[in-house]
Amino acid sequence: MELDKMDENDWKYHGEGNKSLVVSHLQHCRVLRLLKFPSEDSAHTRQTAEQAFRHILNIVDYSKYVMKPLLGEKYVHSGEVVKLPLDFVRQLSLKVQQERPELRCDKVMDTFSGCGLCLPNLTQLPLHHLRDHRPPICVEIKPKCGFLPFSRHITKECKRKVCRFCMHQHYKLANGKWKRLSRYCPLDLFSGSKQRMYVALKNLLEEPQNNLKIFKGGELIFSCKDDAKQQPELNDLIQHLRPYFSHSNGLYNGHQPGKAILNEFIQVICSALLSGGDSNRSGEPRKVHLSESRPHCEASPFPRDLLRNGNHGLPKDSVLAKILQVQMLDNLDIEGIYPLYKRVEQYLEEFPKERNRLQIDGPYNESFMDKVKNCPTEDDGSVEYAVGKVHQYRVAMTAKDCSVMITFAPCEEDEEQQLKLEKPRFTYSISILDLDPKPYEGIPHQYKLDTKIVNYYLRSTQAPPPSSLYKERQECTLLFHAV
Ligand SMILES: O=P(O)(O)O[C@@H]1[C@@H](OP(=O)(O)O)[C@H](OP(=O)(O)O)[C@H](O)[C@H](OP(=O)(O)O)[C@H]1OP(=O)(O)O
Ligand SMILES: Nc1ncnc2c1ncn2[C@@H]1O[C@H](COP(=O)(O)OP(=O)(O)OP(=O)(O)O)[C@@H](O)[C@H]1O
């Protein structure tokens with residue numbers, strides 16, 4: 001990619017989140033990630049080009065020196081900061097505007113700093129097109145927090161029983177972010193039990209919200225609709241997936257029934273999520289267990305009588321195990337962190353120059369990582385302890401908000417061979433994305449939000465739920481066979 005010859009016509013809109021907008025290159029397996037800012041603030045809070053460059057550099061450093069060592073080399077692609085011609089960025093911004101979903105248009109793309117992040121396009125498998133005519137399928141999951149907090153600082157008992165995602169659903173519904181409750185529960189996905197993972201993925205397919213996107217050949221084919229009232233089309237998805245699962249097993253009227261296709265698709269995702277573990281001497285993958293936390297969320301729709309005390313857990317090096325371990329660096333919960341944040345604030349008021357030494361806003365380097373890793377286990381009343389725990393909390397927050405991308409494509413066999421196989425075989429890659437640092441200043445907001453979510457949950461579950469909600473849920477429930 002020659003930066004001085006950038007042409008907006010070589011790029012197209014790919015997707016966006018709350019903080020950044022992503023465009024993909026038409027020929028090369030590359031994306032550009034550009035920051036976004038609230039539109040009303042853009043005139044006065046706009047950063048100088050120098051500040052914007054520093055900001056993006058911080059994102060790369062944080063990914064490279066903090067998240068990559070914690071999550072594993074193989075899953076993290078940190079990318080590189082690129083300086084882009086301002087004219088290119090302005091033209092690009094105009095070009096993508098009409099593709100942007102309405103719900104994301106409260107923010108505008110950064111067209112003034114001329115900085116962006118260049119990353120591999122993780123929805124593609126490099127060189128795959130040389131081997132098979134079927135383009136890769138990519139499943140992007142934002143799994144959210146996979147454990148129940150176990151901190152002694154927790155004041156509301158329900159937080160030990162119902163997970164944050166399930167509680168938050170009620171609050172999101174009330175403030176209009178979504179129109180239907182999601183039945184997805186992160187604790188099921190992180191359980192390591194194939195049955196529970198299956199149910200979690202099935203529930204994501206029924207109501208993806210912002211937790212599931214599916215791409216085919218780099219094109220988005222399944223996600224929540226822009227109009228949150230509309231449901232995504234599972235039948236369309238089945239048609240897209242059919243060529244990947246057309247083997248001879250279980251044919252009905254000459255082809256696989258839709259349910260069977262979704263069933264196999266979910267199993268492929270499960271296998272990928274459980275892969276990557278090394279084995280012990282008996283050949284069993286090593287597992288990680290959450291001894292400190294209750295393993296099941298009371299709001300999950302997974303039938304309680306099917307919960308067994310079996311030796312589930314996630315294979316040690318699987319992508320979900322890696323993410324969960326980092327999430328669990330938050331062992332005090334926001335209720336334990338907030339007083340420590342206030343301790344740091346008080347200290348900084350007295351000694352403002354200490355902000356740099358304590359690396360409150362970075363730099364995110366080995367020394368920051370040292371503070372995260374070697375934080376004392378007991379509170380000795382020091383500012384060092386408080387800063388260490390705050391840093392750990394922020395790292396855990398990143399892991400609670402990251403996404404996993406599983407990109408898979410049929411193995412090399414030609415079609416005839418493929419049809420004779422009992423099950424199709426896939427080659428795949430797994431990555432973790434959106435590993436940006438969460439701001440230190442965000443802690444008071446997190447504290448308030450936590451209180452709101454819990455209070456709202458308690459209020460809404462004590463009162464009988466509106467009957468229309470249940471009606472809608474029943475209408476969209478699919479019946480899958482247990483695996
Ligand atoms: O607080 P949460 O759990 O709602 O997470 C926010 C996400 O909402 P979600 O609940 O996943 O729909 C939110 O996602 P959406 O904008 O809702 O797609 C962002 O990821 C936000 O992170 P940031 O402020 O952009 O760095 C996320 O904020 P952080 O809490 O991770 O800072
Ligand atoms: N390297 C990549 N390859 C392919 N697609 C990507 C890549 N990085 C991001 N995307 C796509 O762009 C979308 C937005 O990116 P990202 O999640 O990083 O945005 P964000 O604004 O930081 O998210 P959030 O809302 O969590 O703050 C992703 O959901 C994903 O679909």
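**Entry 1: two helices.** I looked up helix 9 (residues 333-350) and helix 14 (residues 443-462), whose axes are 10 Å apart and meet at an angle of about 145 degrees. Helices here are DSSP runs of H or I with at least four residues, strands are E runs of at least two, and both are numbered from the N terminus. The axes are lines fitted to C-alpha atoms over the stretch in contact, with angles from 0 to 180 degrees between N-to-C directions. I noted the contact (heavy atoms within 4.5 Å): helix 9 gives Ile 334, Glu 335, Ile 337, Tyr 338 and Tyr 341, and helix 14 gives Ile 443, Pro 444, Gln 446, Tyr 447 and Asp 450. I sorted this contact by class into seven nonpolar, one polar and two charged residues.

**Entry 2: source.** The model is predicted; local features need pLDDT of at least 70, side-chain atom pairs need 80 or more, and totals for chains, interfaces and linings use all residues. Residues are numbered from 1 along each chain as written, chains are lettered from A and ligands numbered from 1 in written order, and side-chain values use heavy atoms, without hydrogens and water.

**Entry 3: ligand 2.** I found 22 residues around ligand 2, taking a residue as near if one of its heavy atoms lies within 4 Å. Asn 18, Lys 19, Ser 20, Glu 140 and Asp 434 are the closest. I then checked polar contacts (N or O pairs within 3.5 Å). Polar backbone atoms of Asn 18 and Lys 19 each lie 2.7 Å from an oxygen atom of ligand 2. A backbone N or O atom of Leu 122 is 2.9 Å from a ligand 2 nitrogen atom.

Definitions and conventions
Polar contact = N/O pair within 3.5 Å; in protein donor to acceptor, adjacent residues only side chain to side chain. Nonpolar A, V, L, I, M, F, W, Y, C, P; charged D, E, K, R; others polar.
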